[in-house]
Amino acid sequence: MKNLKFYFQKALKEGFAIGALNFNNMETLQAIESSCKINNSPMIIAVSESALSYMGDYCIALANTTRKNSRGIFLHLDHGKDFDICKKAIDMGFDSVMIDGSSLPFEENIAITKKVCEYAHKKGVLVEGELGQLKGIEDEINVKDNHYTDPNLAKEFVEKTNVDSLAIAIGTSHGAYKYTGAQTLRFDILEEIEKLLPNFPLVLHGASTVDENLIKNINANGGKIKNAIGINQEQIKLAIKKHNIVKINSDTDLRLAMTSGIRQILKTNLSEFDPRKYLGNGRSEIEKLVDKKITDLFYSYNKI
């Protein structure tokens with residue numbers, strides 16, 4: 001059976017990335033699954049702690065249905081803050097978990113990540129660690145400044161924890177309001193990390209591109225989202241095609257797509273009160289977004 005580790009290695013060799021798309025409800029998950037089937041693309045469906053709390057047991061039920069019906073889709077815990085939440089996800093049947101000790105002192109980050117790895121690997125579950133911090137606000141995340149990943153510490157971290165992949169901070173940011181001006185990814189840091197950790201799976205969080213057309217549509221239909229700026233798509237492509245970035249996280253873009261679809265229906269049909277109509281339109285917008293990401297950004301089509 002082709003597990004997530006197989007696809008990480010395949011991505012490293014063939015120059016594509018696996019999207020890690022967060023879901024909070026059934027419609028988002030349906031849209032992701034549909035697009036993956038059409039494009040024959042592997043995908044990671046991710047839930048944060050707050051999303052897991054919001055959905056409860058329905059989360060794993062929905063994910064299990066998706067994994068049963070589709071090949072190459074893997075369930076991932078995003079930004080687990082402690083051992084207990086990671087253990088819970090592992091015991092629930094997640095394919096991978098992220099232990100986010102990035103706010104801790106370096107040695108404490110190593111200790112908790114190693115502890116999660118030891119438990120997860122016995123169950124055949126992959127573990128993602130994080131070193132460095134991304135600024136921005138999203139779910140439970142609220143960090144004021146970027147703290148770029150130190151390449152030398154990254155090498156030590158991987159060697160001491162036995163982690164399967166590493167989320168690095170090179171200039172991406174959480175949320176829809178990523179920058180106040182021009183910003184570029186620190187490819188110099190990325191290259192130094194790759195020299196010390198050759199052929200090791202690296203991850204970018206906070207990599208939503210924040211499509212200006214979605215913003216315009218939201219605002220045209222009663223929204224007030226101003227000065228939202230995402231990551232330059234060409235820079236993400238470069239990180240995927242020329243470097244060892246094998247996993248790209250995106251949450252904000254999916255939220256914007258759903259909001260755009262819902263607002264459009266509710267604004268153009270004031271008498272509509274059927275959730276299936278407006279949530280269904282939100283689902284359609286997410287499907288179009290995921291389809292575009294698979295073909296134009298991740299290059300993960302026909303990789304199953």
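Colleague: Which element gives the largest share of the lining of the second largest cavity?
Modeller: Heads up, this is a predicted model, where local features need pLDDT of at least 70 and side-chain atom pairs 80 or more, while totals for chains, interfaces and linings use all residues. Residues are numbered from 1 along each chain, and side-chain values use heavy atoms, without hydrogens or water. The lining (residues with an atom within 4 Å of a 1 Å grid point where a 1.4 Å probe fits but cannot get out) includes L4, F8, L126, V127 and E128. Helix 1 (4-14) and strand 5 (126-131) each give two or more residues, and the largest share, 3 residues, comes from strand 5.

Colleague: Is S208 buried or exposed?
Modeller: S208 sits in the loop between strand 9 (202-204) and helix 9 (212-220). Its relative accessible area is 2%, so with buried meaning under 20%, S208 is buried.

Colleague: How far is the side chain of S208 from the backbone nitrogen of D253?
Modeller: The side chain of S208 has a polar atom 3.4 Å from the backbone nitrogen of T252. For the backbone nitrogen of D253, the side chain of S208 reaches it at 3.2 Å.

Definitions and conventions. Helices (H or I, at least four residues) and strands (E, at least two) are DSSP runs, numbered from the N terminus. Buried means under 20% relative accessible area, exposed over 50%, partly exposed in between (1.4 Å probe, protein chains only). A polar contact is a pair of N or O atoms within 3.5 Å; within protein, one must be able to donate a hydrogen and the other to accept it, and residues adjacent in sequence count only if both atoms are side-chain atoms. On a 1 Å grid over the protein atoms alone, a cavity is a set of points where a 1.4 Å probe fits but cannot get out, and a pocket is an open set with protein on both sides within 12 Å along at least five of seven lines; lining residues have an atom within 4 Å of a point.
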